[in-house]
Structure formats: structure tokens, C-alpha cells
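Colleague: I would like to go through this model feature by feature. Please give the general idea each time, then the case at hand.

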Amino acid sequence: MQTIDKNIQWYQSRFKAFELSLNGEKSKPTHAIRRDAVRCLSEIGFPTTRLEEWRFTNVSPITRIKFQPVLHYELNGIKRDDIQKYLIDNAIHAVFINGMFSSELSDIDMLPNGVAVGSLAEALKNTPEDVYPYISRLVKGGENAFTALNTAFLWDGGFLSVPKDTVIGRPIQFIFIASDSKQEYAAQPRNLIITGANSRCEVTETYIGLAQNTYFTNAVSEIVIGENSYLEHNKLQMENENAFHIGTTRILMSAAAHYISNAISFGGSLVRNDIAVVMNAEGSECTLNGLTLSTGKQVIDNHTTVDHVKPHCNSQELYKAILNGKSKGVFNGKIFVRKDAQKTDAKQTNKTLLLSDNATMNTKPQLEIFADDVKCTHGAAIGQLNDEQVFYLRSRGINLAAARDILTFAFAGDVINRITIEPLRRQVEKMIHARLDIGHAGLKEEEIFI
Amino acid sequence: MGLLEIKNLHANVNGNEILHGINLKVNIGEVHAIMGPNGSGKSTLAGVLAGREIYTVTEGQVLYQGKDLLRMNPEERAREGLFLAFQYPLEIPGVNNSYFLKAALNAIRKHKGLEELDAMDFLALLKQKTKLVEMNESFLNRPVNEGFSGGEKKRNEIFHMAVLEPKLSILDETDSGLDIDALKSVSEGVNKLRSKENATIIVTHYQRLLNYIIPDFVHVLVDGVIVKSGKKDLAVKLEELGYDWVREETEHAA
């Protein structure tokens with residue numbers, strides 16, 4: 001416990017320094033939110049595996065390091081060429097370096113009327129009336145130590161505001177770059193997405209580590225979806241193998257809204273994605289898809305919550321994991337169906353493919369149903385490649401390594417195929433390809449997929 | 001020299017010996033039928049030849065084109081022109097039938113030192129082969145065997161065979177689960193593929209498939225040994241008298 005206390009003290013001292021640099025900012029409402037969060041951080045402390053919510057994910061590798069919270073934007077010599085391959089073609093690109101918006105690297109012109117894409121810090125400065133009603137409403141500082149830490153240092157992150165009756169014809173991409181550094185730092189983007197009624201857009205959050213340094217991404221995204229509007233929200237996590245990533249995403253849905261989340265996790269040494277959707281009005285529909293691909297000693301934890309508050313909402317969830325080496329996967333899927341939420345239709349599936357005898361998976365569906373006229377199903381399966389299928393492929397002339405890769409690829413296929421943005425889907429396919437060494441087996445990726 | 005020479009082959013599963021010394025020679029251009037009751041070792045023989053790993057060969061030798069077949073892994077056997085049409089074709093969700101075949105065909109072509117086919121040539125080849133086996137083209141772009149009926153799966157096996165053009169095909173109970181129309185058309189496909197350049201081993205319980213695919217030789221496998229060999233009429237006699245007839249006859253001989 002002592003080391004944890006020491007680290008809380010460290011962040012308290014960093015907060016004091018941060019506060020001193022703020023000057024006039026201190027009188028603004030955001031600062032009251034920060035102060036409240038730092039108080040919560042001291043009160044709750046970092047979680048331990050004694051807490052049910054953190055039973056399988058030991059965060060001490062994160063809490064034992066004194067990460068320097070990033071407070072200012074620095075380009076750090078990063079060029080557009082360094083990030084080009086991560087950019088989605090034809091998208092609106094908002095680039096962040098260590099959590100801070102980079103106007104040099106971003107490309108956010110030609111937006112439809114009234115649409116705002118870019119920096120939360122800028123939005124707080126220029127149009128605070130658009131931000132205050134939403135910021136820190138869905139993610140309270142006190143939810144856990146990591147949300148408290150993010151909120152205490154709340155400054156910048158991705159901001160998207162879509163007015164009502166607006167369709168953004170191009171996908172939007174928030175690209176979070178972690179730069180190389182000798183200093184171990186914490187990048188803490190705070191993202192806010194607000195969509196108006198009858199709107200439609202696709203947003204992708206991409207997290208990348210450019211070097212092999214140790215850093216900590218502690219991201220929070222708050223998303224409010226307007227009535228009868230559609231949001232596809234992709235998250236592609238490709239941190240480096242020494243990095244830590246904790247991502248908290250909270251979504252509030254209005255009536256007849258449609259939300260799709262595709263959460264793809266490849267990188268990081270210790271990763272936790274925590275996504276919670278509140279279906280707060282009738283007739284909404286949400287789809288949560290997830291894919292984890294891990295190897296070595298990676299730990300990748302996905303916590304999801306779907307909260308059916310009102311009647312006539314549908315949710316479906318498909319999370320898949322492919323674990324190799326000595327890596328560890330965690331899936332915890334909660335579905336709440338509140339007393340009012342009659343006619344709920346909720347489905348949850350978690351499937352894991354273990355490619356090695358030393359990989360482990362902990363999966364836990366958790367359904368709490370308080371209404372009596374609902375349909376809820378869940379299923380979890382953990383398995384290995386089917387030997388008969390491998391033999392079938394080999395009996396046609398395909399070598400063992402390629403047969404295994406084709407089947408592994410196919411396992412991931414039904415999650416990947418749900419990404420509607422084609423360049424992103426291709427990117428994900430290529431990543432899996434590279435990880436599986438299918439190229440070595442003499443096959444091209446487009447030859448494998450449906 | 002025969003295309004395939006099986007000499008005194010013994011094989012077991014988990015220590016239970018199933019094949020007790022099989023001898024068989026298949027020459028190029030020939031069609032052999034191996035008939036036998038359930039549990040006689042027919043599928044074991046097919047599996048051993050294709051390289052299925054659950055079987056352990058304890059004695060004997062198999063020469064294929066003069067080479068030691070048992071030392072090759074399954075993909076090498078396939079690339080050398082051996083093909084197994086499965087009794088129960090596997091469903092491979094998420095893997096497109098035609099792309100799967102392209103990977104397979106190009107692996108085989110590469111092995112033979114031939115150039116890999118590009119997408120256009122390959123598509124043309126596929127279309128031609130679908131006609132040959134009377135398969136609907138819509139099956140090309142579906143996941144391998146997923147959601148196919150029993151008959152469609154068997155037809156897809158013959159389609160794979162048509163595309164890969166093996167030297168030696170082993171059809172394991174290809175007739176099982178087929179209605180009479182499907183049986184007829186699948187058999188026609190096999191007959192069209194039959195040539196002086198290849199050979200076929202048909203493994204079957206029933207004689208009915210042999211009404212459509214006329215074998216040059218018929219062998220009767222009982223309890224892991226070939227007890228009787230003959231021509232086409234042996235199959236007809238078996239259908240009339242049943243396998244007990246062969247059993248009795250061999251017991252008398254012993």
C-alpha cells in the first residue's frame with residue numbers, strides 16, 4: 001500500500017505545479033472539476049486485485065512508476081511522414097501528440113457547416129458554452145483512480161460536435177501519437193463527442209506509440225448521441241509493447257439512436273478498455289464489437305457495460321480475443337436491464353482463441369435483469385484451432401503455418417467485417433497479417449477474407 | 001512401377017490396430033473400389049494415405065510415384081498430386097471457397113515449378129470447373145462448406161478435385177448422404193475427371209455408387225485386411241449376398 005500512497009502523493013505534487021501554471025484558468029468551472037477529481041484520487045487510491053472489478057488485472061506495473069503528466073503541447077520533431085501510414089484515407093484528421101492537439105499535423109478543413117472537430121482545449125477557450133453542459137457529466141472524476149487522474153489534469157483531447165440534421169460524409173479520425181522520450185510520461189487525452197438529432201458520423205480513435213519507450217496513455221472519452229442519430233465509433237489501439245493504456249469510454253444514448261463500437265486492441269503491455277453505454281431512451285440500438293490480438297506477456301482487459309434503462313432497446317455484443325505467447329486476456333461484460341426496460345433484447349458473445357498453451361483468458365458475463373418481459377442471452381467460449389480444419393486445409397496443399405494463420409484470420413473476420421470504413425478495415429487486416437506472418441506463408445491478405 | 005503401392009500396411013488409432021497388413025497396387029489410369037462393412041478400416045486406410053495424424057503406422061510401406069508417402073506431411077502429399085475427398089467435409093467459416101482454392105492451387109503449382117495463376121485466369125478456371133461438376137457459381141464466394149447441404153458439400157469436394165487436378169484421388173464414402181439425383185450428378189463429375197493420366201480409389205460401403213462410376217477393380221476390406229479382389233462383378237455379388245458371404249468364404253479358406 002505504501003508505494004501506492006507515494007504515487008498518489010506524486011500526482012498531487014504534479015497537480016500543485018500544474019495549478020500554479022494556470023493563472024486565470026483557475027477561476028473557470030473546469031478547474032473546480034479538476035480539484036474535485038484530485039481530491040477523489042487521494043480518497044480512493046489506485047485499485048488492487050482485491051477489488052472485484054480489478055481481480056484479473058493487476059495495475060501495479062502502472063502505479064509503481066512516477067509518470068510525468070504531459071501539460072503542454074510539443075511537436076517533438078514528429079513529421080507527417082512518421083504518421084502517414086496510420087492515417088485513414090479521405091478522413092478528417094485531428095492529430096494529438098502525447099494527448100495535446102497538433103495543429104501542424106492535423107487536417108481538419110472543409111467541414112460541413114456547424115461541425116467542430118479538433119481540440120478540446122480550443123473549444124473550452126472559444127466556445128465554452130458547447131462544452132460545459134457535457135464535460136465530466138458521464139465520467140465523474142471519482143469513478144476510479146484513473147478517471148480521477150485524467151480529470152485532475154483535464155486540458156486537451158479530441159473534440160467533435162455535430163449539429164442536428166447533419167451527415168458528415170467523411171470519416172473523422174483522432175490520432176493519438178505517443179512520442180519517444182527518456183522521461184516516463186502520462187498522456188491523458190480527454191475526448192468529447194456530441195452529436196445532434198438526426199445526424200450521422202463515423203469516428204475513429206487511433207492510439208499509436210512511435211518508439212519503444214515506456215509511457216502511459218490514460219484516455220477518457222465521453223460521448224452523447226442525439227435523437228435518431230447514428231454514430232460508428234472505432235478504437236484502434238496500437239500502443240508500443242512497453243506502454244500502458246487505460247481507456248474509459250462512456251456513451252449516453254438518446255431515443256432511437258444507433259451506436260456501433262468496434263474496439264480493436266493490438267498493442268500495449270498492460271491494457272484496459274472500459275466501455276459503458278447507457279440506453280437512456282426508448283428505441284435505441286447499440287452494437288459493441290471487440291477484437292484483441294495479444295502475444296508475449298501482454299495483458300489486455302476489456303470491460304463492457306450495457307445499461308438498458310428504458311424499454312424497446314436492443315443491444316448486441318461480440319468480443320473476440322486471439323491470445324498467443326504468455327499473454328493474458330480478460331473480458332467482463334455487464335448487462336443491466338432496469339425495471340422500466342421492458343421489451344429489451346440484449347445479446348452478448350465472447351469467444352477466445354488460444355494459440356498457445358501458456359496464454360490464459362478470464363471471461364465473465366454478468367447479467368442483472370430487473371424487468372420481466374425481456375430477451376437476454378449470453379455465451380462465452382474458449383478454444384484452440386480445430387485440428388480437423390487444419391488438416392482439411394493441409395490436405396489441399398496449404399502448409400501448416402498458413403493453414404493455422406488462415407483459420408486464425410477467419411476467426412477475427414466477423415469482427416473486422418463490421419468496420420464499415422474500408423481503409424480502416426484494410427489497416428486492421430494488414431496489422432493482423434503482419435502479426436500472424438501470413439505473408440511468409442506466401443498468401444496475400446485479400447486472398448483470405450470473405 | 002505402380003502409381004501407388006501399399007505393402008503390408010499396419011496402422012492403429014490410440015494403440016488399437018485397425019489395419020492388419022494391407023496390400024494394394026494402383027496403376028495410373030485405373031479406378032479401384034474398396035468396399036467393406038462399417039468398421040472394416042476403409043476410412044482409416046483413406047486417412048493414412050492422406051496423412052491424417054491420428055493414425056500411427058506400425059509396419060509396412062506405401063510408395064507413391066516411387067517415393068515413401070508416409071514420410072511426407074499432408075500438404076506435401078497434396079502437392080504431389082494426392083487428393084482426399086472427405087467423408088465429412090469440414091466447414092470453414094470466414095474462409096472464402098474460391099480464395100481457399102486459389103491458395104491451394106497456387107501452392108501446388110508453385111511446388112510443380114509452374115507460375116502462379118493471377119486472379120483473372122483463376123476465375124476463368126473456376127467458372128469452367130463449376131460447369132464441369134454442375135455446381136452453382138454462387139458457392140464460389142461462400143465460406144467453405146458453411147451452410148452447404150450434405151449433397152452440396154460432397155459436390156464441393158469434387159469441385160476441389162476438378163480444380164486441383166490430382167493424380168490420385170481417394171473418394172471416401174462420397175455417396176453417403178446423397179439422394180439419387182445428387183449421386184448421379186456427382187458421379188458424372190467424377191467420370192468427367194477420369195483419364196489415362198490419373199487414378200481413383202473409391203471407398204464405399206454400398207455398391208450403388210459403382211453403378212455410376214465403373215471401377216476396374218473391386219477389393220473387399222474386412223477387419224483390416226483385403227480378403228478378396230476382383231472385377232466389377234464382385235461388387236454386384238456383394239450387393240446381392242452381403243458382406244457375410246465374404247466373411248464365410250474367407251473363414252472356410254482359413
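Colleague: How should I read the numbering and the confidence limits?

Modeller: Residues are numbered from 1 along each chain as its sequence is written, while chains are lettered from A and ligands numbered from 1 in the order in which they are written. As the model is predicted, local features need pLDDT of at least 70 and side-chain atom pairs count only at pLDDT 80 or more, whereas totals for chains, interfaces and linings use all residues.

Colleague: Which elements of chain A supply at least two residues each to the side that touches chain B?

Modeller: The size of an interface is often given as the accessible area lost when the parts come together. Here the description is by residue contacts: 21 residues of chain A are in contact with 23 residues of chain B. Helices α8 (387-394) and α9 (400-416) of chain A each supply at least two residues of the chain A side. The largest share of that side, 6 residues, comes from α9(A). By class, the chain A side has 11 nonpolar, 5 polar and 5 charged residues.

Colleague: How many helices and strands are there in chain A, and what does its radius of gyration say?

Modeller: Helices (H or I, at least four residues) and strands (E, at least two) are DSSP runs, numbered from the N terminus. Chain A has 10 helices and 21 strands. The radius of gyration is taken over C-alpha atoms, and the globule rule is 2.2 Å times the number of residues to the power 0.38. For chain A the radius is 21 Å, close to the 22 Å that the rule gives for 450 residues, so chain A is as compact as a globular protein of that length. Its C-alpha trace spans about 75 × 55 × 50 Å along the principal axes. In chain A, residues 24 or more positions apart account for 81% of the contacts with a separation of 6 or more.

Colleague: What share of chain A counts as buried?

Modeller: A residue is buried if 20 or more other C-beta atoms lie within 10 Å of its own, exposed if 12 or fewer, and partly exposed in between, with C-beta atoms placed from the backbone. By this count 52% of the 450 residues of chain A are buried. Helix α7 (residues 145-152) of chain A is mostly covered, with 8 of its 8 residues buried. Phe146(A) and Leu149(A) are among them.

Colleague: And chain B?

Modeller: Chain B has 8 helices and 12 strands. Its radius of gyration is 18 Å, which agrees with the value near 18 Å for a compact globule with 254 residues. Buried residues make up 45% of the 254 residues in chain B.

Colleague: What is the strand order of the open sheet in chain B?

Modeller: Two strands pair if DSSP finds at least two bridges between them. The open sheet of 6 strands has the order β6-β9-β10-β3-β11-β12 (chain B), with mixed pairing. Its edge strands are β6 (82-85) and β12 (225-230) of chain B, each pairing on one side only. Strands β11 (residues 217-222) and β12 of chain B run antiparallel and are joined by 5 bridges. Val222(B) stands opposite Val225(B) in β12(B).

Colleague: Is Glu5(B) buried, exposed or partly exposed?

Modeller: Glu5(B) is partly exposed, because 18 other C-beta atoms lie within 10 Å. Glu5(B) belongs to strand β1 (residues 4-13) of chain B.

Note on methods: Contact = placed C-beta atoms within 7 Å. Nonpolar A, V, L, I, M, F, W, Y, C, P; charged D, E, K, R; others polar.
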